[in-house]
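I opened the notebook to record what I looked up in this structure, one entry per topic. The entries follow the order in which I went through them.

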Amino acid sequence: MQSNLMNTAMRNGLILGVLFSANFLLSVSGLTFLALLTYAIIGFIIYLTYRYTIQYRDNELGGSIRFSIAFVFVLMLYVFATVISSFVKYFFLRFSSSHFLTDMYNQNIQTLEQILPTITEEMYDAMEILTSPQGYTIMAAWTNIIMAVIIGIIIAAIVKRKPNPFNNK
């Protein structure tokens, strides 16, 4: 069962990773219509997560799944998707778009200066780390994992199903 879980999660996580990457690329495009399209992609990602978990339950596990197995499956889906999208984000931010992180740094510093009376040098250093390609990619990866935990709990609660007591397989 463990190898089926990993194989299925890798295969479906690849598709989710492509969607995560497309979502990121659309969000940094600067065009309002494309940025609004990211909300539809997020909804589609959640729907696919649900469908993939149902398919795993029905095709690999014979129609029954425990909450913990469903949760682990969703978590593995998002881990593999995060790995794929992290590569795309890092290479895009490192080699393609240098102005995105610079603009983000300037906007965040401007917001901090408006909110806080004094800003320490450590705050500037921390903001530089968070708006570097590595820092941004790691922060986005952790955001995806936190999202996986939340979505995993919800989807696992919805799709869990006890085995049929009359089924003698």
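**Entry on M127.** I listed what M127 touches, leaving out residues up to four places away in sequence, and found Y105, N108, I109 and L112, where contact means heavy atoms within 4.5 Å. M127 sits in helix α5 (residues 121-130); helices here are DSSP runs of H or I with at least four residues, strands are runs of E with at least two, and both are numbered from the N terminus. With a relative accessible area of 13%, M127 is buried, given that buried means under 20% relative accessible area, exposed over 50% and partly exposed in between, with a 1.4 Å probe and protein chains only. I also looked up its separation from M76, which is 51 residues apart from M127 along the chain, and the C-alpha atoms of the two are separated by 30 Å.

**Entry on the source.** I note that the model is predicted, that local features need pLDDT of at least 70 and side-chain atom pairs count only at pLDDT 80 or more, while totals for chains, interfaces and linings use all residues. Residues are numbered from 1 along each chain as its sequence is written, and side-chain values use heavy atoms, with hydrogens and water left out.

**Entry on the nonpolar cores.** Which residues touch the most other members of the largest nonpolar core? I found L16, I45, F73 and Y78, out of 28 residues in that core, a core being a set of buried Ala, Val, Leu, Ile, Met, Phe, Trp, Tyr and Cys residues joined through side-chain atoms within 4.5 Å. The elements giving two or more residues to this core are α1 (2-27), α2, α3 (67-96) and α6 (133-159), and the largest share, 10 residues, comes from α3. Apart from this core lies another, of 8 residues, with V28, L93, L101 and Y136 among them. For Y78 I set aside its neighbours within four places in sequence, and the contacts that remain are L16, F20, I45, I46, T49, N144, I145, M147, A148 and I151.

T8 lies in helix α1 and counts as buried at 6% relative accessibility. Beyond its neighbours within four places in sequence, T8 is in contact with Y56, E60 and F73. T8 and T53 are 45 residues apart in sequence, yet C-alpha to C-alpha I read 9.6 Å in space. K89, in helix α3, also counts as buried, at 7% relative accessibility, and K89 touches F24, T137, A140 and N144 when residues up to four places away in sequence are not counted.

**Entry on aromatic rings.** How many aromatic pairs does the rule give? The count comes to 6, where rings of Phe, Tyr and Trp (its six-membered ring) pair if their centres lie within 6.5 Å, with planes under 30 degrees apart counted as stacked, over 60 as edge-to-face and the rest as tilted. F24 and F92 form an edge-to-face pair, 5.7 Å centre to centre with 85° between the planes. F24 lies in helix α1 and F92 in helix α3, so this pair ties together parts that are 68 residues apart in sequence. F24 is buried, with a relative accessible area of 4%, and F24, F92 and Y136 form one aromatic cluster.

A search of the whole structure returned 1 salt bridge, defined as a side-chain nitrogen of Lys or Arg within 4 Å of a carboxyl oxygen of Asp or Glu. R57 forms a salt bridge with D58, with the closest N and O atoms 3.0 Å apart. R57 counts as buried at 5% relative accessibility, whereas D58 counts as partly exposed at 34%. R57 is also one of the residues touched by S64, together with R161, K162 and P163, not counting residues up to four places away in sequence. S64 is placed in the loop between α2 and α3 and counts as buried at 17% relative accessibility.

L36, Y39, I42 and I46 make a nonpolar surface patch of about 400 Å². Patches are made of residues with over 30% relative accessible area and no salt bridge, like charges being joined within 9 Å and nonpolar side chains (Val, Leu, Ile, Met, Phe, Trp, Tyr) within 5 Å; the areas come from the Shrake-Rupley method with a 1.4 Å probe, and for residues only the protein chains shown count as cover. Y39, found in helix α2 (residues 32-60), is exposed, with a relative accessible area of 60%. I42 is found in helix α2 and counts as partly exposed at 34% relative accessibility.
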